[in-house]
Amino acid sequence: MSTPNIGNERFNAEAASWDQNPTVHKASALAVEAILSHVPTLKTQPNTIDVLEIGCGTGLLSFLLAPYVRSLTAVDAAQGMIDALAVKLSYDSSPQNIHPIAASLSDPNDPVLFLDPLTKASIPGRRFDLIISHLVLHHIPSLPAILRTMHRCLREGGRVALSDFEDFGPEAERFHPQARMEGVVRHGIKRTEMAELMRDAGFVDVRVETAFEMEKGVEKTPGAGVVKDEGGTKMVFPFLICLGVKSR
Ligand SMILES: C[S@@+](CC[C@H](N)C(=O)[O-])C[C@H]1O[C@@H](n2cnc3c(N)ncnc32)[C@H](O)[C@@H]1O
């Protein structure tokens with residue numbers, strides 16, 4: 001888990017300009033809204049939950065969730081994304097409860113996960129109350145493996161809230177322009193498949209629901225590029241939220 005995925009050239013290259021894309025801000029805000037409504041403890045008992053975010057990118061979700069959580073351990077496979085997040089965290093006004101880590105998640109007992117972002121103490125065997133990821137599952141080659149790892153990273157009674165766009169059929173492929181297909185291993189996640197995989201990984205109280213819908217510019221024809229002005233082609237994409245609990 002502690003080995004950064006240095007082959008992740010696409011996300012390393014995109015990291016510096018990631019926050020300039022209004023679509024990723026919009027999607028992050030909608031995802032956080034969905035997480036807050038499905039995990040009410042974040043609001044009813046603020047600052048009590050330790051969160052692990054997988055595929056945090058530049059920390060758009062992390063920053064929005066930080067006021068509600070005790071700590072947030074933000075993991076991303078692309079060193080460039082983590083470097084961009086670290087710069088944002090270095091400002092005085094930034095949240096102090098986020099800890100960025102460049103890594104691909106595979107080992108729940110990797111010591112990099114043990115550091116408590118608030119106290120800076122290393123707590124062997126540290127586990128989390130909530131695991132989140134947004135727009136990441138469609139990049140993960142083995143969903144069964146990542147779900148098993150997530151399950152092992154949770155405390156008993158802990159939960160996951162994972163959002164991504166839905167594979168609703170062949171048109172879902174238009175979510176990404178042709179030039180940004182690197183690292184895309186599936187065109188969205190499938191409702192029934194996700195629920196089955198989550199149960200197989202050991203989760204209970206599994207629910208996979210539509211979280212929100214979002215309009216997004218798409219290519220008129222494959223490879224044509226996304227036209228951003230009024231004349232551009234747009235499509236509405238459904239996003240799913242995958243919820244599950246690690247039984248006590
Ligand atoms: C589409 S971006 C989303 C970033 C961020 N969640 C956002 O919405 O702005 C997907 C991110 O997942 C990361 N990623 C892909 N596979 C990963 C893995 N196995 N572990 C951690 N991060 C991963 C990529 O490096 C990339 O930053």
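These legends describe close-up views of a predicted model.

**View 1. Polar atoms facing the ligand.** Trp18 brings a polar side-chain atom to 2.9 Å from an oxygen atom of the ligand. Ala77 and His134 take part through their backbones. A polar backbone atom of Ala77 is 3.1 Å from a nitrogen atom of the ligand. For His134, a polar backbone atom is 2.9 Å from a ligand nitrogen atom. On its own, the ligand has 590 Å² of accessible area, and the protein covers 93% of that.

**View 2. The Phe165 and Phe175 pair.** The structure holds seven aromatic pairs, and Phe165 with Phe175 is one of them. Their ring centres are 3.8 Å apart. The planes meet at 5°, under the 30 degrees that counts as stacked, so this pair is stacked. Phe165 belongs to strand S5, residues 154–165. Phe175 sits in the loop between S5 and helix H7, which spans 191–200. The pair therefore ties together parts that are ten residues apart in sequence. Both Phe165 and Phe175 are buried.

**View 3. The Phe212 and Phe239 pair.** Here the ring centres of Phe212 and Phe239 lie 4.5 Å apart. Their planes are at 20°, so this pair is stacked. Phe212 comes from strand S6, residues 203–218, and Phe239 from strand S7, residues 233–246. The contact therefore ties together parts that are 27 residues apart in sequence. Both Phe212 and Phe239 are buried.

**View 4. One aromatic cluster.** The stacked pair of Phe165 and Phe175 and the stacked pair of Phe212 and Phe239 belong to one aromatic cluster. Phe168 and Phe237 are also members of this cluster.

**View 5. Lysines over phenylalanine rings.** Lys216 lies over the face of Phe175, at 4.6 Å from the ring centre. Phe175 is thus seen again, since the ring also stacks with Phe165. At Phe63, the charged end of Lys88 sits over the ring, 5.4 Å from its centre.

Notes:
Residues numbered from 1 in each chain as written. Predicted model: local features only at pLDDT ≥ 70, side-chain atom pairs only at ≥ 80, totals over all residues. Heavy atoms only, no water. Polar contact = N/O pair within 3.5 Å; in protein donor to acceptor, adjacent residues only side chain to side chain. Areas by Shrake-Rupley, 256 points an atom, 1.4 Å probe, with all protein chains shown as cover. Phe/Tyr/Trp six-rings, centres within 6.5 Å; stacked < 30°, edge-to-face > 60°. Helix = DSSP H or I, 4+ residues; strand = E, 2+ residues; numbered from the N terminus. Buried < 20%, exposed > 50% of the residue type's maximum accessible area, 1.4 Å probe, protein only. Lys NZ or Arg CZ within 6 Å of the ring centre and 35° of its normal.
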